[in-house]
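Me: Hi! I have a new model open and would like to talk it through. Could you walk me through the strands, the charged pairs and the core?

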Amino acid sequence: MGHQIVMPNNNPLADIKPLNSWLKLAESGIGIIAGPCSAENEEQVLSCARDLAKNKNVGAFRTGIWKPRTRPEGFEGAGEIALRWLDQAKKETGLPYCIEVASARHTEIALKHQADMLWLGARTTVNPFLVQEIADVLKGTDIPVLVKNPVNPDLELWIGSLERLYKSGLTKLAAIHRGFSFYRKGPYRNSPMWELPIELKSRFPNLPILTDPSHIAGSRSLLKEISQKAINLEMDGLMIEVHPNPGIALTDKNQQVTPEAFAQLLEELVLRKRIGDKEFEIKLEQLRSEIDKLDSELIHILARRMQIIDEIGNYKKVNNITILQLDRWREIASNRVAQAENMGLSREFITTLLNIVHDESIKRQETILGNSNSKPGDTEL
C-alpha cells in the first residue's frame with residue numbers, strides 16, 4: 001500500500017495527537033460528546049444543540065444522519081439534508097459536530113460539508129474492507145475520527161481499524177468503547193467486557209478512549225453506573241445520547257436522556273484521584289471481568305441443567321412412574337465430591353452446592369408431577 005507511513009519505536013499508533021488538542025475537555029479533564037441518537041428534524045437538532053451548548057462540559061455535539069438499522073422498516077436517518085441542520089446548529093451554538101460514516105460515499109459527503117469529526121460504528125469497524133475504503137477517502141485530511149469497537153469482542157479487529165486510518169495519515173484518532181454483542185443476555189444491551197478497553201489502553205497509552213454508556217446500557221437507568229465505572233478506569237471521555245424528548249425518539253428512545261437529566265448525571269459523577277499502583281488496578285479489573293464472564297457461564301449451565309431436569313420430570317409424568325434411586329444419588333455425590341477435591345475445592349463446599357442443586361431439582365419435578373408421585377429419597381435422575 002503506497003500510502004503507508006513509517007511507525008517509530010515499533011508503535012503502530014505512535015504519533016496520535018492528545019485528545020485536548022482537538023476536543024475541548026470538561027472542567028474534570030475528560031472529553032464529553034453528547035447529542036441525539038438520530039437527527040430527526042431541524043427543530044429537534046437545534047433544540048438539543050442549544051440546550052447542550054449551555055453546559056460548559058460538552059465539547060462536541062453528536063448525532064446520526066445515516067442509521068444502519070437491523071431491519072429495513074426502521075428509521076434509517078435523514079441523510080445529507082441533516083448536515084444543513086448541523087451547520088446551522090454549529091453556527092448558532094459554536095459546538096463542533098460529530099457524525100457517523102459507514103461508507104466511502106458517506107465520508108465524501110461529510111467532507112464536502114466540512115463536518116468537524118467523524119465516527120465509525122461497530123458494524124463498520126467489523127469490516128476491514130469498509131474501513132479501508134473510508135481511510136482512503138480521508139487520506140490527506142486531518143479530521144478527527146473516533147472508532148467504535150467492533151460488534152464482536154475482537155481486540156485485534158478494533159486495533160486494525162485504527163491502524164488503517166493512521167496509515168492514511170490521520171493522527172487525531174480515538175477509540176470508543178460501546179460494549180460487545182454477547183449471546184448470553186445480561187443486564188446490559190451490550191456487554192461492557194471492560195478487560196478489552198483496558199487491554200487497548202495498556203497497549204497504546206497515548207490512544208484516547210471514550211466510553212459510550214448509552215449503547216452499553218440500552219437503558220437510561222444504567223447510564224450513571226457505567227459512566228462512573230468508565231471514569232474509575234481512567235477512560236478519557238464519554239459519548240452520551242441526549243434527546244429533547246426521548247419518549248418520542250425515532251431510534252433507541254430507552255437509552256437517551258433529556259438535557260436536564262444529562263446535566264444532573266454529569267454533576268453526580270465522582271472524579272477520584274488514582275491511588276496506588278495503576279498496573280495493579282488494571283490487573284484487578286481484568287480478573288473481576290473474568291469472574292463476571294464465568295458467573296454468566298455458570299448461570300447458563302445451571303439453567304440448562306434445570307431444563308434437562310424438567311424434561312426428566314415430564315418423561316416420568318407421561319409414563320406415570322416414580323423411581324427411587326438412592327444408589328444413583330450416592331454415586332453422583334461421591335463422584336462429584338472426588339472430582340471437586342481433585343480440583344482444589346473443599347468437600348464441604350461441593351457437598352453443600354450439590355445438595356442445593358438437588359433440592360431445587362426435586363422441587364421442580366414435584367411441581368411437574370403434581371406432588372403425586374414423589375416420595376422421600378427420590379432423585380431427579
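**Strands, charges and core**

Reply: Happy to! Strand β2 runs parallel to strand β3 (residues 97-100), and 3 bridges join the two. Keep in mind that this is a predicted model.

Me: Which residue in β3 is the bridge partner of Arg62?

Reply: That is Cys98, which pairs with Arg62 across the two strands.

Me: And how many bridges join β1 to β2?

Reply: There are 2 bridges between strand β1 (residues 31-35) and β2, and these strands run parallel. Across that pairing, Ala34 stands opposite Phe61 of β2. To get from β1 to β2, the chain passes through helix α1 (residues 42-53), and this β-α-β crossover is right-handed.

Me: What about β2, α2 and β3, what do they make?

Reply: They form a β-α-β unit that is right-handed.

Me: Which way do the side chains of β2 point?

Reply: Ala60 and Arg62 point one way, while Phe61 and Thr63 point the other way. All four are buried.

Me: Is Glu241 buried or exposed?

Reply: Glu241 is buried, at 0% relative accessibility. Arg62 is buried too, with a relative accessible area of 1%.

Me: How many salt bridges does the structure hold?

Reply: There are 15 salt bridges. Another one is between Asp116 and Lys90, where the closest N and O atoms are 2.6 Å apart. That pair also links distant parts of the chain: Asp116 lies in the loop between α3 (104-112) and β4 (117-120), Lys90 lies in helix α2 (residues 81-93), and they are 26 residues apart.

Me: Why is Asp116 called buried while Lys90 is called partly exposed?

Reply: Buried means under 20% relative accessible area, so Asp116 falls in that class at 18%. Lys90 has a relative accessible area of 31%, so it counts as partly exposed.

Me: Where does Glu341 come in, what is its salt-bridge partner?

Reply: Glu341 pairs with Arg347, their closest N and O atoms being 3.2 Å apart. Glu341 is partly exposed, with a relative accessible area of 35%.

Me: Changing topic: how many residues are in the largest nonpolar core?

Reply: The largest nonpolar core has 72 residues. Those with the most contacts inside it are Leu52, Phe61, Ile99, Val145, Leu165, Leu200 and Phe262. Helix α6 (residues 155-166) gives the most to this core, with 6 residues.

Me: What is Phe262 in contact with, leaving aside its neighbours within four places in sequence?

Reply: Its contacts are Ile32, Ala34, Leu52, Asn55, Val58, Ile240, Val242 and Val257.

Me: Last one, on cysteines: how many disulfides does a search of the whole structure find?

Reply: The search finds 0 disulfides. As for individual cysteines, Cys37 is buried at 0% relative accessibility, and Cys48 is buried with a relative accessible area of 0%.

Technical notes. Residues numbered from 1 in each chain as written. Predicted model: local features only at pLDDT ≥ 70, side-chain atom pairs only at ≥ 80, totals over all residues. Heavy atoms only, no water. Salt bridge = Lys/Arg side-chain N within 4 Å of Asp/Glu carboxyl O. Buried < 20%, exposed > 50% of the residue type's maximum accessible area, 1.4 Å probe, protein only. Core = buried A, V, L, I, M, F, W, Y, C linked by side-chain atoms within 4.5 Å. Contact = heavy atoms within 4.5 Å. Disulfide = S-S within 2.5 Å. Pairing = 2+ DSSP bridges. Right-handed = clockwise from strand over helix to strand, strands pointing away.
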